[in-house]
Amino acid sequence: GDILDDYLRTDGVWILTRNKQFYKTNNEEECAEKCEAERNFNCRAFLFTRKILQCLTLAENAKMTVMFNSSDAVLYEKKIYLLQCKRGIGKDYRGMEAKTRRGIPCQKWAEKTPHNPNYTPEKHPNAGLDENYCRNPDGDESGPWCYTTDPATRFDYCNIPECEGQVMHTGEVGCIQCNGEDYHGEVSRTESGLECQRWDAQEPHMHGFTQKHFPEKDLKMNYCRNPDGELRPWCFTTSPTKRWEYCNIPRCSESDFLRSLHRCLSGKGEVYRGRIAITESGTACQHWNTQFPHRHGWKPDRYPCKGLEENYCRNPDGEKRPWCYTINSSVRWEYCAIPHCGGTELEIAGMSNVPVQVPLSEECYRGKGQSYRGTTSITVSGKKCQAWNSMFPHRHEKTPERFPNADLRENYCRNPDGDNSPWCFTTDPSTTWEYCNLKRCDDHTQE
């Protein structure tokens, strides 16, 4: 896998640290390799600055020191040092618990009083014997332990919770398909073991993802959800230094997924996988893996679970019913006529030969982006967008009522006021608004 998979990424932050090394690297991957190879200290994280391509390997992470904003920097923290739980016997546990199960403070691994240790940082440099944190350098079946500061007790075990128990400690875990946008399980911890913040709470992080503004997204309790089309379910965390993080939820097996697919129209047809490839007006559909005559962002390799095969009608974006781009250069897209499940004949609801512009998941914008109708909801610095019909955390006048033609739906990036490019208000109380993470389309038609 990618070397960066072992790190937790946070954009736009810097941390103060005493122990660090500077390197010149070309990218984040090379910087990660420097961190892995660091011999001056245990490298827990690294900072990479994109403008000057500078790499700083760090002995501390955000849990151990002060963090502040720095627009050009990206912080990568080793996940293993963020986990406060153990996997198996905890040989790779690198958390910061420093007392025994009876509450006695641990002796530092490098000290020789009150007990002369057999396991020291010099003898076992890869065992993570930092400070007086609980560790398992000898693979003890009972889990992490430490020498104690009580002269009468040489060593004792520590009370470290199981990671599996933390992830699956409440109710139904469930599994996810695709991006997990329809996940309704009860996992409530992030992939590094942090507890999720309740969606109806505004501490420690203020945000606009509430049941009121996203009524169809099942934002209840503090369960992991994906209300904004992220890569997978996530949540705001109860840690003041980590705003949000992905959750570790298993993927559904292929058999579970295939069982949910349909050959007829049910609901909006989002799981329709039939082979109709003609629009309701009789025009043939454009193949999803081509960009001619219409350029678009629905690429099959980017959305592997949306069934974008050949030129079959599909509904990848939650439209009223399945549709496709057409091979007619003057008609961008149209709905398809799909038979309803259980119907005795072809039932066609609301057929119309006049196509209406639909918000599609475009990856780019034209001009200033006033016609952009995609579903991107992330800013250039990685912040999540505030819903347009919300006044929290930022009060504003750019409402759907005041700008009825600007398609101010949910928290999608838009340009209602003729700015330079699509933008949005952010869910970060310290940043009112930002431009969105979108590129300008190539205006030349690809032939």
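The stops below cover the overall fold, a pocket, the cavities and some individual residues.

**Conventions**

The model is predicted: local features need pLDDT of at least 70, side-chain atom pairs count only at pLDDT 80 or more, and totals for chains, interfaces and linings use all residues. Residues are numbered from 1 along each chain as its sequence is written, and side-chain values use heavy atoms, with hydrogens and water left out.

**Whole protein**

Begin with a cartoon of the protein, which has four helices and 15 strands; helices (H or I, at least four residues) and strands (E, at least two) are DSSP runs numbered from the N terminus. Next, colour by accessibility: of the 447 residues, 48% are buried, where buried means under 20% relative accessible area, exposed over 50%, and partly exposed in between (1.4 Å probe, protein chains only). The surface exposes about 22,500 Å², of which carbon and sulfur atoms supply 48%; the areas come from the Shrake-Rupley method with a 1.4 Å probe, and for residues only the protein chains shown count as cover. Among contacts between residues at least 6 apart in sequence, 61% join residues at least 24 apart.

**Second largest pocket**

Rolling a probe the size of a water molecule over the atoms shows where empty space is left. On a 1 Å grid over the protein atoms alone, a cavity is a set of points where a 1.4 Å probe fits but cannot get out, and a pocket is an open set with protein on both sides within 12 Å along at least five of seven lines; lining residues have an atom within 4 Å of a point. Grid points are joined across faces, edges and corners, and a volume is the space filled by probe spheres set on the points.

The second largest pocket has a volume of about 1,200 Å³. Select Cys43, Arg44, Ile80, Tyr81 and Arg94, which are the closest to its centre among the 46 lining residues. Helix 1 (28-37), helix 2 (79-82) and helix 3 (163-167) are the elements that give two or more residues to this lining. By class, the lining of the second largest pocket has 20 nonpolar, 10 polar and 16 charged residues. Here Ala, Val, Leu, Ile, Met, Phe, Trp, Tyr, Cys and Pro count as nonpolar, Asp, Glu, Lys and Arg as charged, and the others, Gly among them, as polar.

**Cavities**

How many cavities of 30 Å³ or more are there? The count comes to four. The largest cavity holds about 80 Å³ of space; to locate it, select its lining residues, including Leu8, Lys63, Ser192 and Glu245. This lining divides into four nonpolar, three polar and four charged residues.

**Between helix 3 and strand 8**

Move to the loop between helix 3 and strand 8 (234-236), where Pro204 is found. The peptide bond from Glu203 to Pro204 is cis, with omega near 0°. Asp218 lies in this loop as well and, although not a glycine, has a positive phi of about 55°; Asp218 is buried at 18% relative accessible area. Met221, also in this loop, has a positive phi near 50° and is partly exposed at 39%.

**Between strands 12 and 13**

Finally, select Ser421 in the loop between strand 12 (364-365) and strand 13 (423-425). Ser421 is buried, with a relative accessible area of 10%. Beyond its neighbours within four places in sequence, Ser421 is in contact with Tyr365, Lys368, Asn415 and Tyr435. Pro393 lies in the loop between strand 12 and strand 13, and the peptide bond from Phe392 to Pro393 is cis, with omega near 5°.

Notes:
Contact = heavy atoms within 4.5 Å.
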